[in-house]
Every structure is written in structure tokens, then in C-alpha cells.
Amino acid sequence: MSFSRRRFLRHSALATTTLIAAPAVFRSGAYGAESPIVIGSLHDQSGPIAASGTPMVYALQLAVDELNAGGGLLGRPLKVIHYDTQSNIQMYSQFAQQLAVKDKVDVVHGGITSASREAVRPTFDRFKVLYFYNVLYEGGVCDRNTFCTGTTPAQTVEKLVPSAMKKSGKKAYIIAADYNYGQITAKWMTKYVKDNGGEVLSTDFFPLDVTNFGTTISKIQAAKPDIILSALVGGNHTAFYRQWTSAGMKGKIPIASTTFGLVNEPSTLDAAESDSILGAYGYFEELTTPASKSFVEKIKKAHPDTPYISELAACTYEGVMLWAAGVKKAASIDRMKVIAALEDSVAFDGPSGKVSLDKATHHTTRNAFLAEVKDRKWSVLESYSDVKPADTASVCDLVKNPNDTKQYIINL
């Protein structure tokens, strides 16, 4: 089937009743009276997190465009209603309610920070709207109505920490964002440091609006760690890497990060500020597989000014495609039928490789990659195939406890 024109519905966070023209994800014309299946999108396209959110929107557009070009789902076209949440948690809460109650969407893909996820997840549980969170995060969400397609610490931090320690030494200093992602990821970092015979000298947390790290840099200099482990988040925290270099510390104490690159730091920082930083993710734009190259080419052709295409964009694309596979398998858009189908060995071969959903946790088994920044780009050092989403200590089991909605947090 074909469609004669394209339309993307984008709602401004400041003018919620205005429809603003934007790149296409909904085509109409060939389906006659068939009503569209409606996808809700909550992503930041302005504010400090915009460099992460914008490629996610482009990836969602690409997935929906491809599905519509292939005939839609169940003989119906797909329509996206998107809200720019402006890196503002209040906007997330407001527009989650809007999507669920007024727009009556069939599924929502969205959220970037863990705080944004936890602001909207209870709303989608309450109003029974299926929710996909397509972002690497601290792990532990256990909710049958929610599917988390990004990597967890058991998939990436578990690889990053021992690699950094083997290269640089066993004494670590942790710096992290002061909200649930940074706080819980710091615990995972501590666990893996100790598991590998090391010690954590100190752990410092920073609100997302902090831009001055002078005092912390002095503390790190005094502590003399072998390695810095960073879980800083967002555009404001990028200032740390500039100030670290300005203080003459670049090259003296190496940095490994669970977040560096997600707001395009290798390109926005000088090579002297970013080179040699280690990272581990479920996807890098630099992967040379045919699927990855095709994915990057399609987004950059449609959006030449797109920021770096990170795991966030790849997981968004893969998340939409996994959901679509569930709809096809269920032969229905009914929420519970789709959930049951998604739990029945649904998988998709995407830009990052094969991604399969885990029935017990609603997370994904996927590839992971270790890389180092060189000349303002990532150089992939190691690849890990089919890494499971949780370690053996995980307490989430939605097969045994389908009504669970908790987030489980690691205890040290």
C-alpha cells in the first residue's frame, strides 16, 4: 500500500492546542476510512537534554515512516502525536496525562532521564496505556505495562568498570548526577569496583543545573584516584570535562563514563578535552555493520543537522519496531494482547544487532560495546554479544508477579 502525503503532529509545550508542521511520520490517503493507530511521543527537543532527544524523535519518525511505507499495521496507518517536553519534568507529567486522557494514544514511546520516566510511568499504568522507555538507565523497573529497551548496568557498567580498572588502577572516584539515575548507577559502579578488587575513594553528586566543578576537581586532585567514573548527565555537566582539562588534569587521571557522548560531547568538545575517555553502550554511530550504516545514513539524509546518533536513537527505532512486531503477532492493538505477544519471544534485528525481549523483566537481551574517544569520534574496542539485561541478583519476575510496578534498587 502507498500513501499520498505525510504529516507529523507536534504539540508545542507552550501551546498545547496548536499543531505545528514537522517531518513526516503519518501518511494518509490509501486507507480510506480506516482510523490510524496513534503513537504518543514524549521527547526533549529543547533545553539541556535536547541533543539527546532530537535524534530520538528522528529515529521514531524513521521507524513509523518505514512501517507506513510497508502498509502500516493491521491495515491501518500510524499517526504520531509528539510533545516537546523541553527538558522539564513538569511538562512530562502534563503531557503524559494529555496523551492518555485526551489524545487516547495506543502506545507511548518517550522519556529520557530516569526522573522523566518515573514522572510518567504511574500515569500510563493508571490509564492503561502501554509504555516503552527506550533509554539506557540504572535498571530495576519491574512493570508489566512498561518495556525498557535500553541497556542496564549489568550490560554496560559491568564491562566498563573492569576495563577501566585494568587499564588504569584500582582506586576510583565517582562523580554522578544527583537524581535516581546517577545515585543508583553510582551504586552499580561501586559494586563492580569492589567485585574487581578495587576501592571507591569518594562519591560526589551534582544537580543537573550545576556548571562549576572547581571545588570537586580540587577534591579529586587531593584524593589521587587511579580512575574517575562519571555518570554526569546533560549539557550543563559537560562543563566538567572542559574544566578538568583547563585544570591541567587531562591525561593524568583517566575517565570512564556511562553517559559521555549522549549530548554529543565528542563533537562539541575539543579533542584535547574528550580524547581517551572510555564508554560502554548498546550502540555507537561508528559501528560498521550494514544495518548500522543504513540507519545512520537514513537519519542524516533526512536531517543533515542531526546531533550524534547514540544508543538512545537506536533503541528508540528498535523499540518502535519491537512494539510493531508485538502488534502483528497479536493481530490486535488491544494492550493486554500486545503485551502477551511481546512476552512471547519477540525479537528484531536492528542497528545494534539482534534485540530480544525478556519475558520476566520486560528488558532486552542485546549487544554491548566498549569504546574510546579518539579524534572526537568513538573507536570501538570490544563487542559483547547477546548480553542479558540483569544479573543473577535481579528480583524482578513479571511471570510470577505480573502486578508488580516497583523499581528495585541495588543494595550494597
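## A salt bridge to begin with

Which side chain meets Asp 195 in a salt bridge? The partner is Lys 191, with 3.0 Å from N to O. A salt bridge here is a side-chain nitrogen of Lys or Arg within 4 Å of a carboxyl oxygen of Asp or Glu. Asp 195 and Lys 191 are four residues apart in helix 5 (residues 180-195), so about one helical turn separates them. Helices (H or I, at least four residues) and strands (E, at least two) are DSSP runs, numbered from the N terminus. Lys 191 is partly exposed at a relative accessible area of 23%; buried means under 20% relative accessible area, exposed over 50%, and partly exposed in between (1.4 Å probe, protein chains only).

Two notes before we move on. This is a predicted model, in which local features need pLDDT of at least 70 and side-chain atom pairs count only at pLDDT 80 or more, while totals for chains, interfaces and linings use all residues. Residues are numbered from 1 along each chain as its sequence is written, and side-chain values use heavy atoms, with hydrogens and water left out.

## Strand 8 and its neighbours

Let us turn to strand 8 (residues 130-133), which is covered on both faces. Leu 130 and Phe 132 are buried on one side, and Tyr 131 and Tyr 133 are buried on the other. The chain reaches strand 8 from strand 7 by way of helix 3 (residues 114-126), in a β-α-β crossover that is right-handed. That word means that, with the strands pointing away from the viewer, the path from the first strand over the helix to the second runs clockwise.

Strand 8 has parallel partners: three bridges join it to strand 7 (residues 107-110), and three join it to strand 9 (residues 146-148). Two strands pair if DSSP finds at least two bridges between them. His 109 stands opposite Phe 132, and Tyr 133 stands opposite Cys 148 in strand 9. Elsewhere, strand 15 (residues 347-350) and strand 16 (residues 353-357) pair in the antiparallel sense over four bridges. A hairpin of two residues joins strand 15 to strand 16, and Asp 349 stands opposite Lys 354.

## Rings and charges

Across the whole structure, a search finds 18 aromatic pairs. One of them brings Phe 124 and Tyr 131 together in a tilted arrangement, 5.2 Å centre to centre with 45° between the planes. Rings of Phe, Tyr and Trp (its six-membered ring) pair if their centres lie within 6.5 Å; planes under 30 degrees apart count as stacked, over 60 as edge-to-face and the rest as tilted. Both Phe 124 and Tyr 131 are buried. One aromatic cluster includes Phe 206, Trp 244 and Trp 378.

What sits over the ring of Tyr 133? The charged end of Arg 117 does, 5.0 Å from the ring centre. This description applies if NZ of Lys or CZ of Arg is within 6 Å of the ring centre and within 35 degrees of the ring normal. Lys 159 likewise places its charged end over the ring of Tyr 384, 5.3 Å from the centre.

## The cysteines

The structure holds one disulfide, which joins Cys 142 to Cys 396 with 2.1 Å from S to S. The term covers a pair of cysteine sulfur atoms within 2.5 Å. With a torsion of about 80° about the S-S bond, the disulfide is right-handed. It links distant parts of the chain, 254 residues apart: Cys 142 is in the loop between strand 8 and strand 9, and Cys 396 is in the segment after strand 18 (377-387). Cys 142 is buried at 0% relative accessibility, and Cys 396 is buried at 11%.

Cys 148 is buried at 1% relative accessibility. Cys 315 is in no disulfide either, as the nearest cysteine sulfur, in Cys 148, is 11 Å away.

Glu 118 pairs with Arg 117, with the closest N and O atoms 2.7 Å apart. Arg 117 is buried at 0% relative accessible area, whereas Glu 118 is partly exposed at 24%.

Lys 329 forms a salt bridge with Asp 344, at 3.4 Å between the closest N and O atoms. Lys 329 lies in helix 12 (residues 311-330) and Asp 344 in the loop between helix 13 (335-342) and strand 15, so the pair ties together parts that are 15 residues apart in sequence. Salt bridges that share partners also join Arg 117, Glu 118, Arg 121, Glu 138 and Asp 143 into one network.
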